[in-house]
Amino acid sequence: SLLYESDMQTILQAHGLSMDMRSAQAFLLTIAISLLIGLTLVFFYAAARPRLGPGPKTAVTVAVVLWCGGYLASLLGYQMLGLFPLRMLVLWGTVGLGEMIVAALVGGWIYREG
C-alpha cells in the first residue's frame with residue numbers, strides 16, 4: 001500500500017496535482033460522497049425491484065450498471081488522458097466494483113417496501 005501511495009503522489013506531482021487526504025475537510029467530503037453513492041444505489045435498487053425482483057441478484061445488477069456508468073467511465077477517461085498507469089486504473093476499478101457490490105447488497109438487505 002505504501003508503494004501504491006508513493007506511486008500515486010509521484011504521478012500527481014508530475015502533472016502539477018496533489019491530493020492531501022489528511023485534512024478533516026477531505027475526510028468529511030469522502031464520507032459525504034460515499035453516503036450519496038450508497039443512497040443512489042439503494043434508490044436504483046428500489047426502482048429495479050419491481051422489474052427484476054427483490055434480492056441479491058438485483059442488487060448486484062444495479063451495482064454493476066452504476067459502476068459502468070460511474071467508475072468505468074471515469075477510469076476510461078483517465079486512461080485516454082494517460083494520467084495514470086493501467087495497473088493503477090485496473091486496481092481502482094476492481095476495488096470500486098467490489099465496494100459497489102458490497103454496498104448494494106447491504107443496501108438491498110436493509111431496504112424494505114413501506
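This report looks at helices, aromatic rings and a surface patch in a predicted model.

Local features need pLDDT of at least 70, side-chain atom pairs count only at pLDDT 80 or more, and totals for chains, interfaces and linings use all residues. Residues are numbered from 1 along each chain as its sequence is written, and side-chain values use heavy atoms, with hydrogens and water left out.

**Helix α2**

Helix α2 covers residues 24-52. Helices here are DSSP runs (H or I, at least four residues), numbered from the N terminus. How far apart are the end C-alpha atoms of α2? They are 40 Å apart, which agrees with the 42 Å that its 29 residues should span at 1.5 Å a residue. That expected span is 1.5 Å times one less than the number of residues.

α2 bends by about 25° at Ala 46. The bend is the angle between axes fitted to the seven residues ending there and the seven starting there. Pro 50, a proline, follows within four residues. Several residues of α2 are buried, among them Leu 41, Tyr 45, Ala 46 and Arg 49. Buried means under 20% relative accessible area, exposed over 50%, and partly exposed in between (1.4 Å probe, protein chains only).

**Aromatic pairs**

The structure holds 5 aromatic pairs. Rings of Phe, Tyr and Trp (its six-membered ring) pair if their centres lie within 6.5 Å; planes under 30 degrees apart count as stacked, over 60 as edge-to-face and the rest as tilted. Two edge-to-face pairs are listed here.

| Pair | Centre to centre | Between the planes |
|---|---|---|
| Phe 43 and Phe 44 | 5.4 Å | 85° |
| Tyr 45 and Tyr 111 | 6.1 Å | 85° |

The pair of Tyr 45 and Tyr 111 links distant parts of the chain. Tyr 45 lies in α2, Tyr 111 in the segment after α4, 66 residues apart. Is Tyr 45 buried or exposed? Tyr 45 is buried, because its relative accessible area is 4%. Phe 43 is exposed at 56% relative accessibility. Phe 44 is partly exposed at 38%. Elsewhere, ring pairs link Tyr 78, Phe 84 and Trp 92 into a cluster.

Val 65 sits in helix α3 (residues 56-81). Val 65 has a relative accessible area of 53%, so it is exposed. Its C-alpha atom is separated by 9.9 Å from that of Met 100, 35 residues apart along the chain.

Trp 109 belongs to helix α4 (residues 86-110). Trp 109 counts as exposed, because its relative accessibility is 63%. Together with Val 102, Val 106 and Ile 110, Trp 109 makes a nonpolar surface patch of about 450 Å².

Conventions:
Patches are made of residues with over 30% relative accessible area and no salt bridge: like charges are joined within 9 Å, nonpolar side chains (Val, Leu, Ile, Met, Phe, Trp, Tyr) within 5 Å. Accessible areas come from the Shrake-Rupley method with a 1.4 Å probe; for residues, only the protein chains shown count as cover. A salt bridge is a side-chain nitrogen of Lys or Arg within 4 Å of a carboxyl oxygen of Asp or Glu. Helices (H or I, at least four residues) and strands (E, at least two) are DSSP runs, numbered from the N terminus.
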